[in-house]
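Okay, hi everyone, I'll walk you through one structure today.

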Amino acid sequence: MAKWVYSFGDGTAEGRAEMRNLLGGKGANLAEMSSLGLPVPPGFTITTEVCTHFYDNKNTYPQELKDEVEKALAAVEKIVGAKFGEATNPLLVSVRSGARASMPGMMDTVLNLGLNDKTVLGLAKSSGDERFAWDSYRRFIQMYSNVVLDVGHHYFEEALELRKEDLGVQMDTDLKAADWRAVVTEYKKLVEKRTGKPFPQEPREQLWGAVGAVFESWMNQRAITYRRLHSIPESWGTAVNVQAMVFGNMGEDCATGVAFTRDPSTGTNLFYGEYLVNAQGEDVVAGIRTPQHLTVQGKEAQKSDAPAMEEVMPEVFQQLDSVRKKLETHYCDMQDIEFTVQRGKLYMLQTRNGKRTAKAALKIAVDMVHEGLIDKKQAVERIVPASLDQLLHPTLDPKAERKVIAKGLPASPGAASGKIVFTADEAEKQARGGEKVILVRRETSPEDIHGMHAAEGILTSTGGMTSHAAVVARGMGKPCVAGAGEVRIDGKAGTLSVRGTVVKAGEHITLDGSTGEIMLGVVPTVQPELSGDFAQLMEWADEFRKLGIRTNAETPTDAAQARKFGAEGIGLCRTEHMFFEGDRIVAVRQMILADDEKSRRAALTKIQPMQRQDFVELFEIMAGLPVTIRFLDPPLHEFLPKTQADMDVVAKDLGVEPREIEARAHKLHEFNPMLGHRGVRLGISYPEIYEMQARAVFEAVAEVQKKHGKTVVPEIMIPLVATKKELDLMKAVVDQVAEEVGQVSGEKLEYLVGTMIELPRAALRAGDIAQSADFFSFGTNDLTQTTFGLSRDDSASFLEKYQQLGILEHDPFASLDIEGVGELIEIARERGRKVRNSLKLGICGEHGGDPASVFFCHKAGLDYVSCSPYRVPIARLAAAQAALGGPLKTE
């Protein structure tokens with residue numbers, strides 16, 4: 001029979017850390033901490049299988065659940081020595097969600113559950129603090145009504161503000177017991193007015209209402225958005241954790257806090273965190289009050305005057321520090337912990353693997369190998385390949401002028417400039433229109449996640465380093481400045497003001513998430529310098545991976561950058577990109593306008609030396625590494641001007657009438673150019689074009705070989721081949737030119753001729769084509785278009801709907817369609833290698849830098865992937881993880 005509820009507490013637990021799929025991350029770790037003998041308030045976890053049952057059975061629970069919950073509740077009552085719902089000595093509980101993947105702030109929490117008009121008096125008596133009891137009751141009504149009864153948060157905030165105005169006070173702490181009692185009365189009236197029913201007084205009704213709300217929150221909009229952004233399947237479901245309450249708001253010997261066992265921004269091995277005296281946990285995480293630092297070192301680093309926990313509660317701090325060490329040693333990873341101090345006694349409420357920046361992840365992984373906690377294999381498996389993107393992007397230019405107007409907390413590193421917007425919807429709207437924006441909020445909430453994803457950076461005026469904005473921004477790799485207390489934000493007026501400086505919506509600011517600085521205008525950036533930790537981890541990754549990693553590059557700058565990032569050659573040099581450079585576009589247009597072969601050859605003769613020089617530079621940078629050169633691919637009309645004004649300029653440059661340009665453009669016009677006169681079809685129609693390109697390649701090879709005395713082996717790639725005969729014709733052109741250049745130069749020329757597989761027919765006829773091809777490179781951008789019959793440029797408008805409806809799991813242009821396009825790749829590999837065992841195979845679409853696609857390429861037995869320069873490190877790490885046989889690290 002299925003077990004639906006697992007208990008923990010008093011040094012024992014029915015669950016374990018490995019049971020996160022069943023108990024969720026939070027439940028599994030609470031069980032583990034309890035078994036480790038740490039001070040965990042007792043409780044129980046309702047499993048993720050109940051969530052699945054709930055959605056599969058029209059929002060109903062398994063029959064046995066009620067009895068199992070009652071039994072687990074009785075065990076908690078016994079440990080705590082209090083009864084749930086008893087008026088004189090009430091047990092109060094928290095109800096929290098806990099999915100198997102960490103989803104900070106995405107689902108709903110209820111604290112102080114079990115309070116009602118009778119138990120509040122019992123709590124006042126047992127705690128000896130009437131004010132605390134009524135404050136706890138009003139918090140519970142507000143939270144429960146918001147989460148379970150769907151009464152907006154703001155109604156309660158307004159009622160409280162009006163009460164404070166009547167009393168002539170500003171801070172919540174200024175309210176006395178009688179004031180809170182009056183607020184409770186006000187809140188209950190408000191609930192009845194909004195829902196048509198009195199606030200529920202029966203504790204068990206409250207408990208089941210909260211449990212249901214947590215399960216329902218799995219399908220709320222912000223959780224759905226978070227899952228989509230982080231590739232978390234809907235089928236996983238969430239668990240519910242019910243735990244005895246401990247109170248951080250009973251007085252000055254109480255506190256609540258959040259800590260990381262190492263710095264989550266830098267990875268430095270320093271205890272890092274924040275706490276608030278006389279507060280509940282939500283106050284720290286929600287960013288309602290700006291918290292104080294745990295350590296003296298942290299306080300001094302941020303130049304804070306507020307005393308550190310190390311000073312205020314030295315004994316409890318020492319206990320917490322020893323818990324930190326115990327948890328790190330046990331989990332062998334940096335932990336994110338939540339704790340409460342109730343009357344001088346420490347309680348642990350949560351531990352989980354801490355979210356961290358890519359920089360911190362590298363440092364922690366490398367340091368832990370040196371500390372003997374983990375091995376090299378674990379270090380490589382631990383880093384999320386896609387997160388390396390965070391390290392490979394610009395920071396502020398230290399030499400640039402900057403006008404700093406304010407400073408907040410450096411909540412998530414990196415730098416960004418953009419126009420300021422004050423709502424998440426506006427951020428998303430403007431970003432869709434191509435604008436770079438900075439989202440400015442008093443504090444962010446989970447509802448803002450779509451705007452945070454769209455923005456370049458995030459600025460908040462309240463909240464700390466562990467607030468929602470900070471945690472989510474770090475996970476996304478976005479710069480964030482939080483808790484900028486000097487900044488006044490007026491969303492309605494659309495202004496941000498600091499000591500007389502006013503910035504309006506649509507004006508630019510720059511954020512430095514590494515220092516917390518906020519600057520006026522756009523500040524220039526510089527390319528990142530990668531740390532020794534990065535180089536070390538990449539070195540370890542290279543020890544494990546089997547796939548080669550090349551780059552897509554045609555400019556010396558891109559090629560050099562890719563080499564720095566560890567590229568082992570060029571997998572795609574798009575020669576047409578070179579045609580747009582400077583003066584040569586004039587010669588290219590002359591070639592296109594030519595009416596006969598002789599005129600075309602005259603124009604091509606002008607282009608050839610320029611093209612040769614391009615190849616010389618690339619061969620020298622790549623220093624003997626393979627360079628795959630794709631001959632001209634796009635249709636010729638792409639090189640002609642589009643507007644009348646541009647046509648006039650071109651006509652003047654070429655010394656012809658504008659109507660001649662118009663007529664040629666009209667003649668070359670195609671209804672579907674992507675499937676038109678392009679690729680090998682151009683080479684068949686005008687073999688002199690490919691002949692010129694081959695001559696430029698081989699003359700460059702001869703020049704570099706003479707100069708450096710080292711053999712250069714170019715790989716010449718004929719695009720859009722559908723038949724063996726097409727490749728044979730073009731190979732004959734290439735072979736003829738190679739022989740001529742070899743004789744003239746006296747150099748021995750080695751080279752390969754292959755093709756790009758980007759048509760389903762080519763994949764299916766790979767056995768034929770392999771008789772003539774030395775290599776295949778899968779052009780997965782076009783292969784995806786031709787397999788799906790989808791235009792990459794036009795499909796964005798409806799692909800999102802396809803993902804929402806579950807027709808497609810991913811955008812097939814971002815992550816390879818393994819079922820369809822992947823099967824074609826596997827067919828081509830199998831049929832091609834059957835004919836030519838030595839056939840070299842790679843991919844050179846954008847998918848080459850997508851970690852999930854790299855995993856597929858490893859499994860499919862390809863030799864290499866090729867991607868844009870900045871994705872080379874991502875591909876290196878993903879290839880290593882694929883070779884190690886573990887799952888792709890995505891979270």
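So, how many aromatic pairs does a search of the whole structure find? The search turns up 17 aromatic pairs. Keep in mind that we're looking at a predicted model.

Let me show you a couple of these pairs. In general, you describe a pair of aromatic rings by the distance of the centres and the angle of the planes. For F54 and F215 the ring centres are 5.7 Å apart and the planes sit at 35°, so this one is tilted. The cut-offs behind that label: under 30 degrees would be stacked, over 60 would be edge-to-face. Where are the two rings in the chain? F54 belongs to helix α2, residues 48-56, and F215 to helix α8, residues 203-217, so the pair links distant parts of the chain, 161 residues apart. F54 and F215 are both buried.

Next one: Y144 with F199. Here we have 5.6 Å centre to centre and 75° between the planes, and that makes an edge-to-face pair. Y144 is in helix α5, residues 130-147, while F199 is in the loop between α7 (177-195) and α8, so the pair ties together parts 55 residues apart in sequence. Buried or exposed? Y144 has 2% relative accessibility, so Y144 counts as buried. F199 is buried as well, with a relative accessible area of 5%.

And there's a cluster: ring pairs link F54, Y55, Y61, W208 and F215.

Okay, zooming out. The protein has 35 helices and 34 strands. Along the principal axes, the C-alpha trace spans about 100 × 65 × 50 Å. What about the radius of gyration? For 891 residues you'd expect a compact globule to come in near 29 Å, and the protein has 32 Å, which agrees. Of those 891 residues, 55% count as buried. If you take contacts with a separation of 6 or more, 68% of them come from residues 24 or more positions apart.

Now down to the end of the chain, around helix α34, residues 851-859. Which residues of α34 are buried? They are P851, S853, V854, F855, F856 and C857. What covers them includes α33 (821-835), β33 (840-843), β34 (864-867) and α35. After α34 comes G861, with a positive phi near 80°. F855 also gives us a handle on G885: the two are 30 residues apart in sequence, and their C-alpha atoms are 9.5 Å apart in space. G885 sits in the segment after α35, which covers 872-884. With 62% relative accessibility, G885 counts as exposed, whereas F855 is among the buried residues of α34.

Last stop is D448, in the loop between β18 (437-441) and α17 (449-454). What does D448 touch, not counting residues up to four places away in sequence? The answer is A424, R441 and E443. D448 is buried too, because its relative accessible area is 5% and the cut-off for buried is under 20%.

Technical notes. Residues numbered from 1 in each chain as written. Predicted model: local features only at pLDDT ≥ 70, side-chain atom pairs only at ≥ 80, totals over all residues. Heavy atoms only, no water. Helix = DSSP H or I, 4+ residues; strand = E, 2+ residues; numbered from the N terminus. Rg over C-alpha atoms; globule rule 2.2 N^0.38 Å. Buried < 20%, exposed > 50% of the residue type's maximum accessible area, 1.4 Å probe, protein only. Contact = heavy atoms within 4.5 Å. Phe/Tyr/Trp six-rings, centres within 6.5 Å; stacked < 30°, edge-to-face > 60°.
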